[in-house]
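Hi,

Here is the structure I said I'd pass on.

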Amino acid sequence: MAARPGRTPVTTSFARALSGHDAELVRSDGGTARLDVDRWRGAAAGEDAWLIERCRGSTIDLGCGPGRLVEALVARGIETLGVDVSPEAVAQCTGRGVPVLNADVFAPLPREGLWSHALLADGNLGIGGDPAALLHRAGRIVGPGGTVLVELDPAEPGLWRGEARVRSRDDLTPPFPWACAGLAAFPDLAAGAGLRVGACHRGVRQFVELWRDHADAGRGCRHRRGPLVPERGAPRGTR
């Protein structure tokens, strides 16, 4: 997890969840969502495979948490770096023996513009509370022809932005900017970030693949809007 510079830091907001305590995200509109801390802390499994199989070149995991996706990709021989602002997340990555950088995703990062893939999994699209800004940032971290792989909120029909807190037992963190987005928000979000919507996955979890076009070698980028097309053979969502 990470925060956008100038905003309330979330360095410690997810610390109890990352350490294994049951926790939920409490939105300023009253909505709540259980945080799947067991999945975060475990080994890559299940629908993680959709993300992992699309990473065929160097990959940077933005808000990597305990590092299960980094671990899985390194095991496949793929150059991978995890990035997380949380010391707890970095400590767990170090314990796994995987490459990790303790940094904010909006701070300068190694090899910007050269990575083949960037991951925003486990709700990390909410980092900074501004998905458009975060996707634009991720799109500049990958090189032309690269992809940004994003996990969506299957319960969110569109785009929600506001503040959130993390509740664990009787502890409630201070509010921090957060956001959630569903599939319907992505044609506009992607186009605004200079990215093109590719495949998507609609299972218990939902993912979308966003491409930075080869032609986008400079500031310009071709935008293309259109309906999202589920990947052939992917399980349908339950909503």
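**What I found**

Helices (H or I, at least four residues) and strands (E, at least two) are DSSP runs, numbered from the N terminus.

Before you dig in: this is a predicted model, so local features need pLDDT of at least 70 and side-chain atom pairs count only at pLDDT 80 or more, while totals for chains, interfaces and linings use all residues. Residues are numbered from 1 along each chain as its sequence is written, and side-chain values use heavy atoms, with hydrogens and water left out.

On confidence, pLDDT is the predictor's own figure for each residue, from 0 to 100. The chain averages 87, with 85% of its residues at 70 or more.

Seven strands make an open, mixed sheet, ordered S5-S4-S3-S6-S7-S12-S11; strands count as paired if DSSP finds at least two bridges between them. At the edges sit S5 (100-102) and S11 (196-202), each pairing on one side only. Ignoring direction, neighbouring strands are turned by 20° against each other on average. Axes here are lines fitted to C-alpha atoms, for helices over the stretch in contact, and angles run from 0 to 180 degrees between N-to-C directions. S6 (residues 115-120) and S7 (residues 142-152) run parallel over five bridges, and Leu119 stands opposite Leu149 in S7.

Two helices pack on this sheet. H4 (residues 68-75) touches S3 (59-62), S4 (80-84) and S6, at about 170° to the direction of S4; contact means heavy atoms within 4.5 Å. H5 (residues 87-96) touches S4 and S5, making about 155° with S5.

Which residues of H4 are buried? Arg68, Leu69, Val70, Ala72 and Leu73, where buried means under 20% relative accessible area, exposed over 50% and partly exposed in between (1.4 Å probe, protein chains only). Their cover includes H2 (37-41), H3 (48-53) and H5, along with S3, S4 and S6.

Last, a polar spot. Asp213 lies in the segment after S12 (206-211) and is buried, at 4% relative accessible area. Its side chain makes a polar contact with that of Arg196, at 2.8 Å. Such a contact is a pair of N or O atoms within 3.5 Å; within protein, one must be able to donate a hydrogen and the other to accept it, and residues adjacent in sequence count only if both atoms are side-chain atoms.

Cheers
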